[in-house]
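Work through the exercises below with the sequence and the structure side by side. Try each task before you read its solution.

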Amino acid sequence: MARSEGDLVGRRWQDGRGELVVHGEDGEPPVRVPLEIAGSYRARTKGLLGREFLEGAMLLSPANSVHTFRMRMAIDVAYLDRRLRVIAVRTMRPGLLGMPRLRARHVVEAAAGTMGGWGVREGARLEVVVRVE
């Protein structure tokens, strides 16, 4: 069973799994991506540290910046506002500290080079579908 969380402003997610839905432009079908949700302080702190691979994406919430210290791979980072609209997308190699984004409330991380193929770009509208078990 799944529950859509796309339009809930101020929503606090719990650790878990779901889907990231990237809504296309001009009638394009949405892209669905497997999603890990890091909503607790502990899960956000760990993030992708120590991993060499991520299938899909990871949502860090709440968050407005990330770092790649002790990471083993470069990542794409999308900063989202409270309505899950993409504010900015950056690619970060290991060992960097990202600048905080003042309007950002959530961050999505994925392997470097993948977000462009999903259609994640500035202004894109995203949706989180939480898997309820």
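**Exercise 1.** Is glutamate 36 buried or exposed, and what is its relative accessibility?

*Solution.* Begin with the source: this is a predicted model, in which local features need pLDDT of at least 70 and side-chain atom pairs count only at pLDDT 80 or more, while totals for chains, interfaces and linings use all residues. Residues are numbered from 1 along each chain as its sequence is written, and side-chain values use heavy atoms, with hydrogens and water left out. Next, recall the cut-offs: buried means under 20% relative accessible area, exposed means over 50%, and partly exposed lies in between (1.4 Å probe, protein chains only). Glutamate 36 has 15% relative accessibility, so it counts as buried.

**Exercise 2.** Find the salt bridges and say which strands they tie together.

*Solution.* Side chains of opposite charge can pair when their charged atoms come close. The rule asks for a side-chain nitrogen of Lys or Arg within 4 Å of a carboxyl oxygen of Asp or Glu, and by this rule there are two salt bridges. In one of them, arginine 17 meets glutamate 36 at 3.9 Å, N to O. Arginine 17 belongs to strand β2 and glutamate 36 to strand β3 (residues 31–38), so this pair ties together parts that are 19 residues apart in sequence; strands here are DSSP runs of E with at least two residues, helices are runs of H or I with at least four, and both are numbered from the N terminus. Glutamate 19 and arginine 32 meet in a salt bridge as well, at 3.0 Å, N to O. Since glutamate 19 lies in β2 and arginine 32 in β3, this pair ties together parts that are 13 residues apart in sequence. As for accessibility, arginine 17, at 46%, is partly exposed, and glutamate 19, at 30%, is partly exposed too.

**Exercise 3.** Describe how strand β8 is placed and how it is joined to β2.

*Solution.* Strand β2 (residues 16–23) runs antiparallel to β8, and six bridges join them, with valine 21 standing opposite glutamate 127 in β8.

**Exercise 4.** How many residues lie between β5 and β6 in their hairpin?

*Solution.* Strand β5 (residues 75–80) pairs with strand β6 (residues 86–92) over six bridges in the antiparallel sense, and leucine 80 has valine 86 as its bridge partner. Five residues lie between the two strands, and in the turn leucine 84 has a positive phi of about 65°.

Definitions and conventions
Pairing = 2+ DSSP bridges.
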